[in-house]
Amino acid sequence: MSTTQRIPAAIPPTSSAQSSAPTPALRSSRRAASGIMIVLVGQLMLTLDGAIVNVALPSIGTGLGLGPSALSWTVNAYTLAFEA
């Protein structure tokens, strides 16, 4: 019975700059994730701002002497102007 010894194949050396550089696919996915996060934060801000206006409606109506129909126009106008 003979014993054979296996020698592992040599692994070519890699430079540290080569291994730490992100691939184009990784950069693209990071850019896409960043864009999605920006859009989501913007949508959150719009939702919060709309909620603040709705909470302030009684004070706005009292201060300006507006009725319910005018207050609904106020909310719509503010939302359209802010989101544009």
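**View 1. Overall chain.** Of the 84 residues of the protein chain, 7% count as buried, where buried means under 20% relative accessible area, exposed over 50%, and partly exposed in between (1.4 Å probe, protein chains only). This is a predicted model, in which local features need pLDDT of at least 70 and side-chain atom pairs count only at pLDDT 80 or more, while totals for chains, interfaces and linings use all residues. Residues are numbered from 1 along each chain as its sequence is written, and side-chain values use heavy atoms, with hydrogens and water left out. The protein chain has 3 helices and 0 strands, in the order α-α-α from the N terminus; helices (H or I, at least four residues) and strands (E, at least two) are DSSP runs, numbered from the N terminus. About 7300 Å² of the protein chain is accessible surface, and carbon and sulfur atoms account for 68% of that area (Shrake-Rupley method with a 1.4 Å probe; for residues, only the protein chains shown count as cover).

**View 2. Confidence along the chain.** The mean pLDDT (the predictor's confidence in each residue, from 0 to 100) of the protein chain is 82, and 77% of its residues reach 70 or more. Helix H1 (residues 16-20) has the lowest confidence, with a mean of 58, and H2 the highest, at 90.

**View 3. Nonpolar surface patch.** Ile36, Met37, Leu40, Val41, Leu44, Met45 and Leu48 form a nonpolar patch on the surface, and together they have about 690 Å² of accessible area. Patches are made of residues with over 30% relative accessible area and no salt bridge, with like charges joined within 9 Å and nonpolar side chains (Val, Leu, Ile, Met, Phe, Trp, Tyr) within 5 Å. Val41 lies in helix H2 (residues 24-64) and is partly exposed, at a relative accessible area of 46%.

**View 4. Surroundings of Leu46.** Leu46, also in helix H2, is partly exposed at 24% relative accessibility. Leaving aside residues up to four places away in sequence, Leu46 touches Phe82 and Glu83; contact means heavy atoms within 4.5 Å. Leu46 and Thr79 are 33 residues apart in sequence, with their C-alpha atoms 8.3 Å apart in space.

**View 5. Buried Asp49.** Asp49 sits in helix H2 and, again not counting residues up to four places away in sequence, touches Tyr78 and Phe82. Asp49 is buried yet has no salt bridge (a side-chain nitrogen of Lys or Arg within 4 Å of a carboxyl oxygen of Asp or Glu). The nearest side chain of opposite charge, Arg31, is 29 Å away from Asp49; Lys and Arg count as positive and Asp and Glu as negative, with His and the chain ends not counted.
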